[in-house]
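Biologist: Can you take me through this model? I'd like to start with how its parts touch each other.
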Amino acid sequence: MSKIILTGDRPTGRLHIGHYVGSLRRRVELQNSGEYDKTYIMIADAQALTDNADNPEKIRQNVIEVALDYLACGLDPAKATIFIQSQISELCELTFYYMDLVTVSRLQRNPTVKNEIQMRNFEASIPVGFFTYPISQAADITFCKATTVPVGEDQLPMIEQCKEIVHKFNSVYAPENPVLVEPTALIPANKACLRLPGTDGKAKMSKSLGNCIYLADSADEVRKKVMSMYTDPLHLQVSDPGHIEGNTVFTYLDAFCKEEHFERYLPEYANLDELKAHYTRGGLGDVKVKKFLNNVIQEELEPIRNRRSEFEKDIPEIYNILKKGSEAAREVAAQTLSEVKSAMKINYFEDVELIRSQSEKYSK
Ligand code: ATP
Ligand code: MG
């Protein structure tokens with residue numbers, strides 16, 4: 001069986017370091033690993049509209065931002081098909097049929113959607129499109145028969161939901177010759193990267209919460225954000241013992257720091273464990289740790305920022321890449337949709353046997 005990657009992002013803002021450690025960094029590695037037959041990367045504008053219906057311009061403006069961030073991180077249109085969700089109308093048809101296979105109560109149980117509804121204060125007025133986006137996400141994943149979906153931890157319930165839809169579809173419509181493929185989520189092995197917290201210490205760095213370090217931030221913006229980050233509220237004096245748990249600066253170090261960074265920027269410590277031990281004992285100030293973190297993050301972001309400014313010089317070419325990617329994705333989606341409709345037996349005009357048996361019934 002082919003090994004196929006699909007993943008994507010909502011164009012609700014520029015991409016941030018949470019996306020980077022949660023999914024983006026991994027995608028680039030997978031794309032370059034040579035182990036996958038195809039890689040599809042989707043800019044999920046239609047999904048973003050489900051909770052931004054009154055602000056379509058925000059979504060329209062951010063499509064290019066996300067595309068630039070992709071290319072800056074090393075996603076390569078020669079190796080990956082980068083496309084825009086709304087351009088693949090077949091996804092709507094797939095969603096429409098999958099809707100019959102999911103109950104309202106199953107959607108209500110989805111913990112990520114529950115959480116997002118709360119975050120957006122949607123309790124009394126949830127847009128139907130938002131409520132059902134896990135179903136459309138199943139269409140996004142299955143149109144290309146994706147086997148592997150590299151995502152952050154918050155996406156696990158979506159992949160679970162998708163698997164259920166695939167299973168139900170295949171067992172109802174195609175028990176002998178399964179049409180759809182069950183995907184596997186690939187989440188980061190590093191615990192700190194599963195759900196990177198915001199610079200304010202809130203549970204998740206999120207475009208919608210304004211607590212992000214963006215990949216495109218200038219060196220100065222990054223430094224300012226790092227220096228004002230949330231740490232340990234009980235660590236008031238340098239001599240006080242500090243806490244690592246829930247301390248965002250250390251979580252970011254867990255996500256980004258390698259031993260070689262110590263040699264370069266903080267040679268008095270051999271590794272992160274030594275730094276943590278000193279902080280916990282007391283006698284190590286937040287400023288010193290933050291300066292170190294700033295160096296580590298700057299080193300990772302600088303080449304990304306430089307590549308981005310190169311790509312920014314030819315914006316029409318970026319739209320061209322997205323257009324070509326969307327055309328390629330659309331062809332694949334049309335093929336899968338045709339298989340889906342055949343399995344559902346709603347391909348009336350190609351069904352010679354149906355036409356023959358009906359005419360036989362009436363000729364008697
Ligand atoms: P929005 O607030 O509009 O939902 P978002 O910041 O949550 O935006 P998405 O486009 O929903 O971003 O998510 C894209 C991908 O990035 C998903 O795979 C998601 O799991 C991952 N991701 C998002 N935020 C984080 C984070 N803080 N840590 C790790 N992974 C993340
Ligand atoms: Mg999200």
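Modeller: One term to begin with: a polar contact is a pair of N or O atoms within 3.5 Å; within protein, one must be able to donate a hydrogen and the other to accept it, and residues adjacent in sequence count only if both atoms are side-chain atoms. This is a predicted model, where local features need pLDDT of at least 70 and side-chain atom pairs count only at pLDDT 80 or more, while totals for chains, interfaces and linings use all residues. Residues are numbered from 1 along each chain as its sequence is written, chains are lettered from A and ligands numbered from 1 in the order in which they are written, and side-chain values use heavy atoms, with hydrogens and water left out.

Biologist: Which domains does the chain have?
Modeller: Domain 1 covers 4–195 + 315–358, and domain 2 covers 220–311. The bounds come from an automatic or database domain assignment. The centres of the two domains, taken over C-alpha atoms, are 35 Å apart.

Biologist: How many residues does each domain put into the contact?
Modeller: Domain 1 gives 17 residues and domain 2 gives 12 residues, with contact meaning heavy atoms within 4.5 Å. About 1200 Å² is buried between domain 1 and domain 2, and carbon and sulfur atoms give 62% of that. Buried area here is the accessible area (1.4 Å probe) that two parts lose on being put together, summed over both.

Biologist: How many residue pairs are in polar contact across the interface of domain 1 and domain 2?
Modeller: There are 6 such residue pairs, both residues at pLDDT 80 or more. On the domain 1 side, α1 (17–33), α3 (56–73) and α15 (315–344) each supply at least two of the residues that touch domain 2. The largest share of that side is from α3, with 6 residues. Helices (H or I, at least four residues) and strands (E, at least two) are DSSP runs, numbered from the N terminus.

Biologist: And how many salt bridges across the interface of domain 1 and domain 2?
Modeller: The rule finds 2, a salt bridge being a side-chain nitrogen of Lys or Arg within 4 Å of a carboxyl oxygen of Asp or Glu. The whole structure has 27 salt bridges.

Biologist: Which residues does Arg 308 pair with?
Modeller: Arg 308 meets Glu 65 at 2.8 Å, N to O. Arg 308 also forms a salt bridge with Asp 69, where the closest N and O atoms are 2.9 Å apart. Arg 308 is in helix α14 (residues 286–311) and Asp 69 is in helix α3, so this pair ties together parts 239 residues apart in sequence.

Biologist: Are Arg 308 and Asp 69 buried or exposed?
Modeller: Arg 308 and Asp 69 are both buried. Buried means under 20% relative accessible area, exposed over 50%, and partly exposed in between (1.4 Å probe, protein chains only). There is also a network of salt bridges linking Arg 14, Glu 65, Asp 69, Arg 308 and Glu 312.

Biologist: What about Lys 341, which residue does it meet in a salt bridge?
Modeller: Lys 341 meets Glu 93, at 3.1 Å from N to O. Lys 341 is in helix α15 and Glu 93 in helix α4 (residues 90–98), 248 residues apart. Lys 341 is partly exposed at 24% relative accessibility, and Glu 93 is partly exposed at 31%.

Biologist: And Lys 224 with Asp 220, how far apart are the closest N and O atoms?
Modeller: They are 3.4 Å apart. Lys 224 and Asp 220 are 4 residues apart in helix α10 (residues 219–227), which means a separation of about one helical turn. Lys 224 is exposed, at 52% relative accessible area, and Asp 220 is partly exposed, at 38%.

Biologist: New topic. How many disulfides?
Modeller: The count is 0 disulfides, a disulfide being a pair of cysteine sulfur atoms within 2.5 Å.
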